[in-house]
Amino acid sequence: MPDRKPSAGSLLLGLIPFVAMCFTVPLWDRIDPMLLGLPFNLFWLIVWIVLSSLCLAIAYRRESGRRKPGEPRP
Amino acid sequence: MSATAVSLAAILLIVAGGTAIGFLGAARRRMNLEEWTVGGRGFGVALVFLLTAGEVYTTFAFLGASGWAYSRGGPTLYILAYLTLAYVVSFFLLPAIWEAGHRHGMQTQSDFFGTRYGNRYLAAFVSLVGIASLVPYLDLQLTGVGIIVQVASFGAIGRTPAMAAATVLLVAFVFAGGVRAVAWVSVVKDALVLLAAIAIGIGVPLIHFGGIGAMFAALAHAHPRHLTMPGATTGLGHAWYVSTVLLTALGFYMWPNVFAATFTARSADALRRNAVLMPLYSLVLVFIFFAGFAAVLIVPGLADGDLALLAVVRRTFPPWFLGVVGGAGALTAMVPAAIQILTAATLFAKNLFRPLVDPALSDDQVARLARATVVVLGLLSLALAAFGSTTLVSLLLVGYAGVTQFFPGVVLGLFWRRATTPGVFAGLIAGVGAAVLLMLMRHDPVFGLNAGFVALCLNFLIAVAVSLLSATAADSPAAPSRSRAWS
């Protein structure tokens, strides 16, 4: 039986997008520098949408690795 | 052909085509209760993706996101953050919900509470709050159809006839095909929304300003404060942003319809893969934002910001394209409305009527009652939307704060063995009560924080404290134990 609780490493990967897109808002909520023609805050969020997906993809690999039957737990 | 006729033809073609695919997708399936509510638990990654996308991108996303960009500016960015973070939460939460659902044959959110906490009053309270939150949401979708079709048809179809036609169609395909039909209508809807959003988001800045960069430069020059928080508002600053993003990211999957969609998945793995993919799909909203921001300079001074997107499209594109946007917009309202109506009807028949009025009903009888309820709810919502007022929007916000209060009961129920029925019930009542009181008495935001978020914190504290104080967790019949009766 796989453990239902996600591993601490995967949870940390999930925490990264929260820090980047939510808690740090005073640091990146500004217009300049405009990148690729976008205000900085919008640009930042777009980049982090992609990076969030990446974080989850890594967590997915970790979780499915844990789940393979017969594989010893790390 | 006149502009009206062209646009009208495009709208009708799209709505008819989308509805037909819904009927076909669910044809030749034997409709028992489980097939109707959760698609026989057989959806793979593709159908789960379509259903999720179908539910997420409502008229609120389509008109609301651009409307906020137009009328409020910077604060609208919270939508990009909360959707992405909602999927991050779903990656960790949904597989556990799915496993519990798979093990115990759950079809609704109320089933989850009933099984985990073994208290039918708690389960009934959860269905009641769920239904009460869904009805204004449903009405908002119908109102959205009315607005979109009216504007896109150059006024040829009035709001009420448009709403009536949409209600009849969506009640018909929900009645016949259940959740599977909804997922299939989503195929047409999402393909069109994707194309329309990209065309609008690139086309509008290009035609009026020569490009997206030039548009933002012009906007930053004309309204330097519009693009950051609090933008054109006074109260929506960074504290509001953080608390609102947290509330909505945690609460998103607590909507009864979104929660129940978890049970349609074939496997927990399909849900994890979906969570990895979904953030990328929210990039579509970026294009909607472009149109909303461009509208600030192109069609300034609109009384209703929600009309900004359609106004700017009408100003920029030929009538046939306005028709396509209108058709896509109509489906964007109908798909979420369909799943909301299905969920509310199931909650009523399975989790309120059967346990409290007639426990002897069989599953097939519950299924018949739920389908009949779909018709009743459809008519009721249509009447509310036709004669209702703008207070619906504020009711919806109360609904959002309300459903989010399910979060502690779900998370503690899944991952904390010591969560007890009194604890979760007390927290839920306190949370719902606080949210409703604060919002109806207009204390939102409270100290710069989202009122629903404050209620959620209270709820969590009470749930944990009362759980620790009340009897041992082992007393609760379905509590997870080391013997893994629950897990």
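User: Which residues touch the most other members in the largest nonpolar core?

Analyst: In the largest nonpolar core, which has 195 residues, Leu93(B) and Tyr241(B) touch the most other members; a nonpolar core here is a set of buried Ala, Val, Leu, Ile, Met, Phe, Trp, Tyr and Cys residues joined through side-chain atoms within 4.5 Å. Buried means under 20% relative accessible area, exposed over 50%, and partly exposed in between, with a 1.4 Å probe and protein chains only. This is a predicted model, in which local features need pLDDT of at least 70 and side-chain atom pairs count only at pLDDT 80 or more, while totals for chains, interfaces and linings use all residues. Side-chain values use heavy atoms, with hydrogens and water left out.

User: Which helix gives the most to this core?

Analyst: Helix H15 of chain B, residues 319–356, gives the most, with 20 residues; helices are DSSP runs (H or I, at least four residues), numbered from the N terminus.

User: And where does the core lie relative to the domains?

Analyst: The core lies between domain 1 (3–390) and domain 2 (405–487) of chain B, because both give residues to it; the domain bounds come from an automatic or database domain assignment.

User: What does Tyr241(B) touch?

Analyst: Leaving out residues up to four places away in sequence, Tyr241(B) touches Met21(A), Cys22(A), Val25(A), Trp28(A) and Leu45(A), as well as Leu77(B), Tyr78(B), Ala81(B) and Met229(B), where contact means heavy atoms within 4.5 Å.

User: Switching to charges, how many salt bridges are there over all chains?

Analyst: The search of the whole structure finds 6, a salt bridge being a side-chain nitrogen of Lys or Arg within 4 Å of a carboxyl oxygen of Asp or Glu. One of them joins Asp111(B) to Lys350(B), with the closest N and O atoms 2.6 Å apart.

User: Which parts does that pair tie together?

Analyst: Asp111(B) lies in helix H6 (residues 109–117) of chain B and Lys350(B) in helix H15 of chain B, so the pair ties together parts that are 239 residues apart in sequence. Asp111(B) is buried at 10% relative accessibility, and Lys350(B) is buried at 12%.

User: What about Arg41(B), what does it form a salt bridge with?

Analyst: Arg41(B) pairs with Glu34(B), and their closest N and O atoms are 2.7 Å apart. Arg41(B) is buried, with a relative accessible area of 14%, whereas Glu34(B) is partly exposed at 30%.

User: Are Lys189(B) and Asp190(B) buried or exposed?

Analyst: Lys189(B) and Asp190(B) are both buried, and they form a salt bridge whose closest N and O atoms are 3.8 Å apart.

Definitions and conventions
Residues are numbered from 1 along each chain as its sequence is written. Chains are lettered from A and ligands numbered from 1 in the order in which they are written. Helices (H or I, at least four residues) and strands (E, at least two) are DSSP runs, numbered from the N terminus.
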